[in-house]
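Please read this briefing alongside the sequence and the coordinates shown below.

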Amino acid sequence: MKVLFQKLKDTAILPRRATLGSAGCDLHACLDEALTVEPGQTALVPTGFAMALPEGFGGFVFARSGLGIRHGIVPGNCVGVIDADYRGEVMVGLHNHSDKAYTVQPGERIAQLVLLEVPAWETEEVESLDETERGTGGF
């Protein structure tokens, strides 16, 4: 499977796996200057590239463990979703959950991109659903 990438800025760093066993590829901040994210603030960080995903796949933007655990910096929408037909710049909304400002440096690894197969599905309204052992329990 191939994923096509287009650099929108010369300074963009295209996603790549750190190791052969990596589930995701690092996403890097494509900034001209450092960007400070204040406590409780969300900032939209450009990556400087667009991509074309194969039909039937989605791109999912997850937090980097180190940024999240050590600094409280995680994607603002928990998991970002990139649709196969989206061709705009990939952006990462970073939220600062900590009580300290965090400064994102140009080229810094800010998130990770994971590709997952997304089957086509349709909706159908029904009068009732089948019974299960769990039923409506959960919340």
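The notes that follow are grouped by topic.

This is a predicted model, in which local features need pLDDT of at least 70 and side-chain atom pairs count only at pLDDT 80 or more, whereas totals for chains, interfaces and linings use all residues. Residues are numbered from 1 along each chain as its sequence is written, and side-chain values use heavy atoms, with hydrogens and water left out.

**Aromatic pair**

- A search of the whole structure finds 1 aromatic pair, where rings of Phe, Tyr and Trp (its six-membered ring) pair if their centres lie within 6.5 Å, and planes under 30 degrees apart count as stacked, over 60 as edge-to-face and the rest as tilted.
- The ring centres of Phe 5 and Phe 49 are 5.5 Å apart and the ring planes stand at 75°, so the pair is edge-to-face.
- The pair links distant parts of the chain, since Phe 5 lies in strand β1 (residues 4-7) and Phe 49 in strand β5 (residues 49-52), 44 residues apart; strands (E, at least two residues) are DSSP runs, numbered from the N terminus.
- Phe 5 counts as partly exposed at 31% relative accessibility, while Phe 49 is buried at 0%; buried means under 20% relative accessible area, exposed over 50% and partly exposed in between (1.4 Å probe, protein chains only).

**Sheet β2-β11-β6-β8**

- In the order β2-β11-β6-β8, 4 strands form an open sheet with antiparallel pairing, where two strands pair if DSSP finds at least two bridges between them.
- Because β2 (25-28) and β8 (80-82) each have a single partner strand, they stand at the edges, and one side of each is left without a neighbour in the sheet.
- Neighbouring strands of this sheet are turned by 35° against each other on average, direction ignored, with axes being lines fitted to C-alpha atoms.
- Strand β6 (residues 57-62) is joined by 6 bridges to strand β11 (residues 109-117), the two running antiparallel, and Gly 58 stands opposite Leu 116 in β11.

**Sheet β4-β9-β7**

- A further antiparallel open sheet is formed by 3 strands in the order β4-β9-β7, with β4 (42-46) and β7 (73-75) as the edge strands, each pairing on one side only.
- Between β7 and strand β9 (residues 91-96), which run antiparallel, there are 3 bridges, and Leu 94 in β9 is the bridge partner of Pro 75.

**Ala 120**

- Ala 120 is found in the segment after β11 and is exposed, with a relative accessible area of 82%.
- The C-alpha atoms of Ala 120 and Phe 62 are separated by 22 Å, the two residues being 58 residues apart along the chain.

Note on methods: Axes fitted to C-alpha atoms, helices over the stretch in contact; angles between N-to-C directions.
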